[in-house]
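This report describes a protein chain with its ligands. The sequence and structure are shown first, and the description follows.

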Amino acid sequence: MKSILVNPPKQPIRAEIQLAASKSECNRALIINALTGFKCELTNISEARDSQTMLRLLNSSDQVADVIDAGTTMRFLTAYFAVTNQQKTMTGTARMCERPIGILVDALRFLGADISYEKEEGYPPLKLNGFTYSGNREIKMRGDVSSQYISALLMIAPELPSGLTIQLEGEVGSRPYIEMTLNQMAHFGIDYQADWQKNTLFIPPMKYQPQPYAIESDWSGASYWYSIVALAEDAEVELLGLKKNSLQGDSAIVNIMKHLGVESTFTERGVLLTKIPAAASIGWDFTDCPDLAQTVAVCCAVKGIRLSLTGVESLKIKETDRIFALQQELKKLGAELKEIEKDHLYEVHAIQDPGVIQSPSIHTYDDHRMAMAFAPVGMVFPVVIEEPGVVVKSYPGYWKDLAKVTSWEEI
Ligand SMILES: O=C(O)C1=C[C@@H](OP(=O)(O)O)[C@@H](O)[C@H](O)C1
Ligand SMILES: C=C(OP(=O)(O)O)C(=O)O
């Protein structure tokens with residue numbers, strides 16, 4: 001499939017969408033399940049390629065573990081294979097080998113892992129050569145690069161003979177993902193202590209207790225539906241499988257979208273999205289929910305809402321440099337993502353005249369979220385999404401679901 005042309009809907013949107021499962025919750029459940037000796041009954045396993053890759057690699061005796069482009073799979077499996085004393089080579093796509101992992105490797109080495117870099121210091125591919133417990137029970141770790149290093153370490157910490165105290169340093173980014181990890185660990189019997197005043201986490205040495213676990217639908221995936229409702233002239237969409245008290249930080253989309261013109265009403269089955277008046281401008285700090293930044297930036301650009309963004313530092317080290325990618329592609333809509341304070345404060349200047357835009361062709365940079373964040377633009381004017389297959393990373397059914405609200409064609 002080369003590209004997809006998304007056409008504006010010809011009638012009011014009324015749809016029910018069975019949302020895909022969260023890859024983040026799923027990948028944590030899969031690691032914890034492995035640590036129980038595969039004794040848990042997990043339901044609603046995610047179809048996302050990141051989770052299917054995790055599942056495959058946990059069940060494989062191959063010496064090489066290729067995570068493709070899945071960050072959590074790379075980070076969580078590195079910690080899991082290290083502490084379970086498995087000799088593996090951890091690798092992935094060219095981009096994965098540009099995404100830093102030194103903070104996690106240093107932490108695992110401090111605990112007793114023998115890990116070497118195959119190419120560049122601080123980056124995959126890695127060679128895991130075994131584990132001899134060092135006895136270290138307290139560790140300092142930067143919290144401002146990726147929370148995935150911290151989640152990876154937390155999940156293996158109960159396996160260490162003395163448990164682990166982690167002292168986080170710097171401003172902690174993506175904290176809800178750390179809390180998701182801790183909550184899931186608690187579900188499987190781990191009595192952790194978290195002092196968020198001091199950014200200290202303590203995990204006692206304990207055995208995970210096998211439990212059934214049902215993975216929730218994906219709030220990051222839900223964000224694209226919010227954008228569709230915000231941008232369409234007339235829309236009501238019920239998203240099935242979401243919970244009000246979610247473990248997922250991206251449920252913050254409920255509050256963000258109140259400003260962008262979408263009201264959320266929780267139902268017995270999920271959440272109903274309806275249209276309300278939007279604000280003229282908003283400011284949002286994405287430190288806790290970086291994966292929502294693209295959805296919100298594109299939605300504001302098209303809706304004519306002025307947006308100030310902070311807390312987007314981590315976007316440069318994700319599937320692509322998402323700041324650069326947004327800057328390039330928003331230009332094609334006649335909008336702009338402007339850096340106001342270096343690496344800190346950005347502003348989205350909205351499209352002036354949607355009437356003059358002729359089916360812009362959006363490049364997706366091997367990033368599922370570029371494709372899914374720009375497709376809702378099609379609610380307002382036709383838009384072409386290049387390499388639409390990238391969505392498989394987190395939401396393989398995205399295009400099939402989109403067909404329920406508007407027509408699109410392969411071109
Ligand atoms: O732990 C997780 O499941 C994730 C944490 C976040 O990464 P960072 O902690 O690197 O921001 C997020 O962007 C990613 O999509 C999933
Ligand atoms: C950043 C993401 O994933 P990961 O870091 O797990 O590759 C994402 O899904 O937006």
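## Annotated binding positions

For "binding site", an unreviewed UniProt entry lists K23, S24, R28, S146, S147, Q148, S174, D291 and K318. A further set under "binding site" in the unreviewed entry comprises K23, G71, R99, Q148, R322, R369 and K393. UniProt positions follow the numbering used here, feature names are shortened, and annotations may be inferred rather than shown by experiment. The model is predicted: local features need pLDDT of at least 70, side-chain atom pairs count only at pLDDT 80 or more, and totals for chains, interfaces and linings use all residues. Residues are numbered from 1 along each chain as its sequence is written, while chains are lettered from A and ligands numbered from 1 in the order in which they are written.

## Surroundings of selected annotated residues

K23 is placed in helix α1 (residues 23-35), and R28 is also found in helix α1. Helices (H or I, at least four residues) and strands (E, at least two) are DSSP runs, numbered from the N terminus. K23 counts as buried because it has 27 C-beta neighbours inside 10 Å; R28 counts as buried with 29 such neighbours inside 10 Å. A residue is buried if 20 or more other C-beta atoms lie within 10 Å of its own, exposed if 12 or fewer, and partly exposed in between, with C-beta atoms placed from the backbone. Not counting residues up to four places away in sequence, K23 touches S46, A48, D50, S51, D218 and S394. With neighbours within four places in sequence left aside, R28 is in contact with M155, M180, T181 and Q184. Contact requires the C-beta atoms of two residues, placed from the backbone, to lie within 7 Å.

Q148 belongs to helix α5 and is buried, with 26 other C-beta atoms within 10 Å. Beyond its neighbours within four places in sequence, Q148 contacts G71, T72 and R75. K393 lies in the loop between β21 (383-386) and α12 (398-402). K393 counts as buried, with 24 C-beta neighbours inside 10 Å, and its contacts, leaving aside neighbours within four places in sequence, are A48, R49, D50, D69 and H368.

## Ligand shells

A residue is near a molecule if its C-beta atom, placed from the backbone, lies within 6 Å of it.

The residues around ligand 2 are A70, G71, T72, D291, K318, E319, R369 and S394. One nonpolar, three polar and four charged residues form the shell around ligand 2. Because domain 1 (3-20 + 217-410) and domain 2 (23-214) both give residues to this shell, ligand 2 lies between them.

## Domains and nonpolar core

The protein chain is divided into domain 1 (3-20 + 217-410) and domain 2 (23-214), with bounds that come from an automatic or database domain assignment. The domain centres, taken over C-alpha atoms, are separated by 29 Å. Contacts join 18 residues of domain 1 to 21 residues of domain 2. The side of domain 1 that touches domain 2 consists of seven nonpolar, six polar and five charged residues.

In the largest nonpolar core, which has 137 residues, A79 and A297 touch the most other members. Helix α7 (residues 219-231) gives the most to this core, with nine residues. A nonpolar core is a set of buried Ala, Val, Leu, Ile, Met, Phe, Trp, Tyr and Cys residues joined through C-beta atoms within 7 Å. Leaving aside neighbours within four places in sequence, A297 is in contact with L307, L309, L326, L337 and V348.

## Backbone features

The peptide bond from P124 to P125 is cis, with omega near 0°, and P125 is found in the loop between β6 (113-117) and β7 (126-131). F38, a residue other than glycine, has a positive phi near 60°; F38 lies in the loop between α1 and β3 (42-43) and counts as exposed, with 12 C-beta neighbours inside 10 Å.

How values were computed
Ala, Val, Leu, Ile, Met, Phe, Trp, Tyr, Cys and Pro count as nonpolar, Asp, Glu, Lys and Arg as charged, and the others, Gly among them, as polar.
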